[in-house]
Amino acid sequence: MADNIARVFADAIATDPTRPLLTWYDDATGDRTELSGVTLANWVAKTANLLVDEVGLAPGTPAGVLLPPHWQTAAVLLGCWSAKLSVVDTPGDVGVLFAAVDQFDEAQSWSADERYALGLAPLAAPLRQVPPGFADYVVEVRGHGDDFTPQSDPGPTDAHLLSRAEARATELGIEPGARVLVDATRHPDPVDWLLAPLTRAATVVLCANPDPTRLAPRLTAEKVTHSLPS
């Protein structure tokens with residue numbers, strides 16, 4: 001059984017790094033963003049370099065992630081796991097906190113040495129106004145390198161998360177190499193929308209606020225082979 005998230009991610013994109021790995025839709029805004037494996041890997045590497053080189057976090061440091069399903073959330077989570085941090089969801093003391101702009105009230109329950117805000121805007125646009133005590137993730141991460149070599153050892157939560165992800169992939173019927181449509185509202189757990197597909201080297205079409213009238217043409221246009229159950 002796999003026990004290293006960084007390796008699972010690398011293996012998932014190794015066969016064809018240029019294929020669309022994660023395609024994001026928000027039918028409320030009309031946003032569509034498509035990331036190949038190599039493009040997402042660049043964002044992941046930049047995030048890991050930010051955490052290790054700039055923030056100076058050591059493996060095992062807890063990281064808070066208050067973000068909904070989104071392609072930038074994938075970059076943040078995989079960057080944290082590549083840096084061997086422990087992503088936690090219970091408010092407390094953490095080395096770094098990533099928070100969406102609509103979750104700042106919740107962020108006040110966390111004590112963090114470094115705080116990054118994400119607007120999750122189309123085209124990864126920076127925030128128009130950065131809240132006090134936060135840095136803009138999009139602005140800060142872009143200055144870091146596109147390559148990052150994770151330590152060979154798994155992170156402290158990797159084995160547990162991947163065990164859950166493999167079990168969920170089986171429960172959700174995700175076949176190896178599938179193209180999977182995911183309703184972000186119904187499957188907010190990153191084990192479902194991110195890790196379970198990665199364990200099958202599957203690609204994801206992640207949809208927020210899905211418009212039922214767009215479902216049929218989207219299935220065809222995106223060559224979806226499997227939809228997660230509602």
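Q: Why are H6 and H7 called roughly perpendicular to each other, rather than roughly parallel?
A: This is a predicted model, in which local features need pLDDT of at least 70, side-chain atom pairs count only at pLDDT 80 or more, and totals for chains, interfaces and linings use all residues. Residues are numbered from 1 along each chain as its sequence is written, and side-chain values use heavy atoms, with hydrogens and water left out. The axes of helix H6 (residues 158-171) and helix H7 (residues 190-199) cross at roughly 85° and come within 8 Å. Angles under 35 degrees count as roughly parallel, over 145 as roughly antiparallel, 65 to 115 as roughly perpendicular and the rest as oblique, and H6 and H7 are therefore roughly perpendicular to each other.

Q: What makes the contact between H6 and H7, and which residues take part?
A: Contact means heavy atoms within 4.5 Å, and the residues that make this one are Leu161, Leu162, Arg164, Ala165, Glu166, Arg168 and Ala169 of H6 together with Val191, Asp192, Leu195, Ala196 and Thr199 of H7. By class, the contact of H6 with H7 has seven nonpolar, one polar and four charged residues, where Ala, Val, Leu, Ile, Met, Phe, Trp, Tyr, Cys and Pro count as nonpolar, Asp, Glu, Lys and Arg as charged, and the others, Gly among them, as polar.

Q: How do you know whether Leu120 is buried or exposed?
A: Buried means under 20% relative accessible area, exposed over 50%, and partly exposed in between, with a 1.4 Å probe and protein chains only. Leu120 has 17% relative accessibility, so Leu120 counts as buried. Leu120 sits in the loop between strand S6 (111-118) and strand S7 (135-136), and its phi is near 55°, a positive value in a residue other than glycine.

Q: Why is Lys223 called exposed?
A: The relative accessible area of Lys223 is 67%, and Lys223 is therefore exposed. Lys223 belongs to the loop between helix H8 (215-221) and strand S10 (226-227), and the phi of Lys223 is near 55°, a positive value in a residue other than glycine.

Q: Which residues line the largest cavity?
A: A cavity is a set of points, on a 1 Å grid over the protein atoms alone, where a 1.4 Å probe fits but cannot get out, and lining residues have an atom within 4 Å of a point. The largest cavity is lined by Leu21, Leu22, Leu40, Trp193, Leu194, Leu198, Ala202 and Val204. This lining has eight nonpolar, no polar and no charged residues, and H7 gives the most to it, with three residues.

Conventions
Axes fitted to C-alpha atoms, helices over the stretch in contact; angles between N-to-C directions. Helix = DSSP H or I, 4+ residues; strand = E, 2+ residues; numbered from the N terminus. 1 Å grid on protein atoms, 1.4 Å probe; cavity = no way out; pocket = protein on both sides within 12 Å on 5 of 7 lines; lining within 4 Å.
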